[in-house]
Amino acid sequence: MADSSLWSLLILILLIVADVIAVSKVCRSGCSTLVKVLWTLLIFFFPVGGLLIWFLCGPREHGAAPPVQTPVG
């Protein structure tokens, strides 16, 4: 019984840390205030699902280089 509660606590701590990191990245992004608030609420009210949605669809880093396109012909 103690083992399962220890694992549950560890998973909960990791989820909270991941959510805090996600919210801090949202706050530092270049998006509008409304978008930041909406992402933060999504992550807050749906900690697991919101985190997954943010990871897949959230604001991207602005420092990333655009993909290189080669000319055709």
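Trainee: Leaving aside its neighbours within four places in sequence, which residues is A22 in contact with?

Mentor: Bear in mind that this is a predicted model. With those neighbours set aside, A22 touches I43, L51 and W54.

Trainee: And where is the place of A22, in which helix?

Mentor: A22 sits in helix α1.

Trainee: Is A22 buried or exposed?

Mentor: Buried, because its relative accessible area is 0% and the cut-off for buried is under 20%.

Trainee: How many residues apart in sequence are A22 and W39, and how far in space?

Mentor: They're 17 residues apart in sequence, and their C-alpha atoms are 9.2 Å apart.

Trainee: Let's zoom out. How many helices and strands are there in the protein chain?

Mentor: Three helices and zero strands. Going from the N terminus, the order is α-α-α.

Trainee: What angle do α1 and α2 pack at?

Mentor: About 175 degrees, and their axes are 9 Å apart. That makes the pair roughly antiparallel, because the angle is over 145 degrees.

Trainee: Which residues make that contact?

Mentor: From α1 you have D19, A22, V23, V26 and C27, and from α2 there's K36, W39, T40 and I43. By class, that contact has six nonpolar residues, one polar and two charged.

Trainee: V26 is on that list. What is V26 in contact with, leaving aside its neighbours within four places in sequence?

Mentor: K36, W39, T40, I43 and W54. V26 is in helix α1, and at 0% relative accessibility it counts as buried.

Trainee: OK, new topic. How do α2 and α3 pack?

Mentor: Helix α2 covers residues 33–45 and helix α3 covers 47–57, and they pack at about 140 degrees with their axes 5 Å apart. That angle makes α2 oblique to α3.

Trainee: Who makes the contact there?

Mentor: On the α2 side, W39, L42, I43, F44 and F45; on the α3 side, P47, G50, I53, W54 and C57. Those residues divide into nine nonpolar, one polar and no charged.

Trainee: Which residues are buried in α3?

Mentor: G50, L51 and W54. Looking down the axis of α3, its buried residues fall within an arc of 100 degrees, so they line one face of the helix.

Trainee: Why do residues three or four places apart point the same way in an α-helix?

Mentor: Because an α-helix has 3.6 residues a turn.

Trainee: What do the buried residues of α3 pack against?

Mentor: They pack against α1, which is residues 2–28, and α2.

Trainee: And which exposed residues are on the face of α3 turned away from its buried side?

Mentor: That face carries L52, F55, L56 and C57. C57 also turns up in the contact of α3 with α2.

Trainee: Last one, on the whole chain. What share of the residues is buried?

Mentor: Buried residues make up 14% of the 73 in the protein chain. The accessible surface comes to about 6,100 Å², and 76% of that belongs to carbon and sulfur atoms.

Trainee: What about contacts between residues 24 or more positions apart?

Mentor: They account for 45% of the contacts with a separation of 6 or more.

Methods: Residues numbered from 1 in each chain as written. Predicted model: local features only at pLDDT ≥ 70, side-chain atom pairs only at ≥ 80, totals over all residues. Heavy atoms only, no water. Axes fitted to C-alpha atoms, helices over the stretch in contact; angles between N-to-C directions. Helix = DSSP H or I, 4+ residues; strand = E, 2+ residues; numbered from the N terminus. Parallel < 35°, antiparallel > 145°, perpendicular 65-115°, else oblique. Contact = heavy atoms within 4.5 Å. Nonpolar A, V, L, I, M, F, W, Y, C, P; charged D, E, K, R; others polar. Buried < 20%, exposed > 50% of the residue type's maximum accessible area, 1.4 Å probe, protein only. Areas by Shrake-Rupley, 256 points an atom, 1.4 Å probe, with all protein chains shown as cover. Arc of directions from axis to C-beta.
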